[in-house]
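Biologist: I'd like to learn how to read features off a model like this one. Can we take them one at a time?

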Amino acid sequence: MATTVNPAVSGVGYRRWSFHVVLYAAGVAAGALVSYAAVYAAYAALTYRLPQWTWLAVALPFVALVVLRDLGARVRVPYPERTQVPEWLRHVLPPGLVAVAYGAHLGIGFLTRFTYSTHLAFVVALPLVGSHATVAGLVVLFALAKTIVVVTSLGGRSYREFEQRILARHRTGTAKQTLLRFANAAVATASAAAVAVAILG
Amino acid sequence: MAVDVQPALTSPADRLLRLAVDPITIVAFAAVGSAALAAGQVGQVAPWVALLALVAGWSSAWSP
């Protein structure tokens with residue numbers, strides 16, 4: 001898990017851990033750019049001769065599928081839902097490279113279970129932004145937001161203390177997590193509608 | 001000797017870090033952000049994608 005980018009797990013000091021956090025964020029950004037490259041290639045191939053709105057016609061049904069999943073419907077989504085970042089990497093790579101590898105894995109997004117409808121909507125909307133420079137800025141925003149959980153997992157130098165703090169900070173009820181899924185579904189839906197209106201103009 | 005970390009779990013830093021990752025905090029941000037963009041009748045794509053980026057990234061602290 002990304003929370004293992006942590007001094008209590010790697011044994012490094014806080015200064016080096018701060019560097020690992022930067023490496024993790026860079027990994028997330030790189031992974032997100034890989035997803036963008038794949039999606040942009042599909043978008044460019046589709047819209048080479050067809051109008052831009054055809055991309056919405058192709059992408060939005062997938063977003064709707066994951067929105068329904070967020071709302072509790074039992075639907076199958078087109079990416080793995082029960083995998084985690086490869087834990088064995090922590091035993092073969094130094095902590096800095098683990099941070100980059102975990103970041104990249106999670107930045108790609110569709111290789112693990114931690115993906116809401118907003119993530120899919122984010123990726124399929126990127127080709128519509130119209131500027132690679134702006135896309136780069138948006139990817140950095142995504143990477144920074146995804147790094148929050150790493151920073152908030154900081155909990156002392158002993159593993160026992162880290163574990164207790166993680167359990168305390170992530171102690172929450174099912175209702176809150178359900179509300180979060182619904183909020184993601186609402187934001188994905190609202191954003192998809194706004195983007196569609198902007199494109200169809 | 002076992003280290004008693006219970007007092008540390010209620011320190012101001014712990015409370016702040018817990019608030020930063022609380023689902024309600026993320027939901028509140030998503031609601032305010034969406035309302036602000038909708039009220040401002042933002043017609044460009046990038047601001048909405050920025051909202052998606054922030055909500056998606058922040059929400060990933062929790063498993064869907």
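Biologist: Let's begin with charges. Which side chain does Arg69(A) meet in a salt bridge?

Modeller: First, a caution: this is a predicted model. To read a salt bridge, look for a side-chain nitrogen of Lys or Arg within 4 Å of a carboxyl oxygen of Asp or Glu. Here the partner of Arg69(A) is Asp70(A), at 3.3 Å from N to O.

Biologist: Is Arg69(A) buried or exposed? And what about Asp70(A)?

Modeller: Buried means under 20% relative accessible area. Arg69(A) has 12%, so the residue is buried. Asp70(A) is buried too, because its relative accessible area is 0%.

Biologist: How many salt bridges are there over all chains?

Modeller: The count is 2. The side chains of Lys176(A) and Asp22(B) form a salt bridge as well, at 2.8 Å from N to O. Lys176(A) sits in helix α9 of chain A, and Asp22(B) in the loop between α1 (12-21) and α2 (23-39) of chain B, so this pair joins two chains.

Biologist: How do I read the accessibility of Lys176(A)? And of Asp22(B)?

Modeller: Check each end separately. Lys176(A) is at 29% relative accessibility, so the label is partly exposed. Asp22(B) is at 13%, and therefore buried.

Biologist: Now chain B as a whole. How many helices and strands does chain B have?

Modeller: Count the elements, then read their order. Chain B has 3 helices and 0 strands. From the N terminus the order is α-α-α. The chain has 64 residues, and 42% of them are buried. Its accessible surface is about 3,100 Å², with 71% belonging to carbon and sulfur atoms.

Biologist: Next, helix pairs. At what angle do the axes of α9 of chain A and α3 of chain B cross?

Modeller: Take the axis approach, then the angle, then the hand. Helix α9 (residues 174-200) of chain A and helix α3 (residues 45-59) of chain B have axes that come within 9 Å and cross at roughly 160°. An angle over 145 degrees counts as roughly antiparallel. So α9(A) and α3(B) are roughly antiparallel to each other. The crossing of α9(A) past α3(B) is left-handed.

Biologist: Let me stay with α9(A). How do α3(A) and α9(A) cross?

Modeller: Their axes come within 9 Å and cross at roughly 170°. That angle makes α3(A) roughly antiparallel to α9(A). Here too the hand can be read: α3(A) passes α9(A) in a left-handed crossing.

Biologist: And at what angle do α2(A) and α3(A) pack?

Modeller: Helix α2 (residues 14-46) of chain A packs against α3(A) at about 130°, with the axes 9 Å apart. That makes α2(A) oblique to α3(A). Their crossing is right-handed.

Biologist: Last topic: separation along the chain and in space. How far apart are Val124(A) and Leu60(A)?

Modeller: Compare the gap in sequence with the C-alpha distance. Val124(A) and Leu60(A) are 64 residues apart in sequence and 8.4 Å apart in space. Val124(A) belongs to helix α6 (residues 117-125) of chain A. With a relative accessible area of 13%, Val124(A) is buried.

Biologist: What distance separates the C-alpha atoms of Ala145(A) and Leu68(A)?

Modeller: They are separated by 24 Å, for 77 residues along the chain. Ala145(A) is in helix α7 (residues 132-152) of chain A. At 5% relative accessibility, Ala145(A) is buried.

Conventions:
Residues are numbered from 1 along each chain as its sequence is written. Chains are lettered from A and ligands numbered from 1 in the order in which they are written. This is a predicted model: local features need pLDDT of at least 70, side-chain atom pairs count only at pLDDT 80 or more; totals for chains, interfaces and linings use all residues. Side-chain values use heavy atoms; hydrogens and water are left out. Axes are lines fitted to C-alpha atoms, for helices over the stretch in contact, and angles run from 0 to 180 degrees between N-to-C directions. Helices (H or I, at least four residues) and strands (E, at least two) are DSSP runs, numbered from the N terminus. Angles under 35 degrees count as roughly parallel, over 145 as roughly antiparallel, 65 to 115 as roughly perpendicular and the rest as oblique. A crossing is left-handed if the near helix is turned anticlockwise from the far one by less than a right angle, and right-handed if clockwise. Buried means under 20% relative accessible area, exposed over 50%, partly exposed in between (1.4 Å probe, protein chains only). Accessible areas come from the Shrake-Rupley method with a 1.4 Å probe; for residues, only the protein chains shown count as cover.
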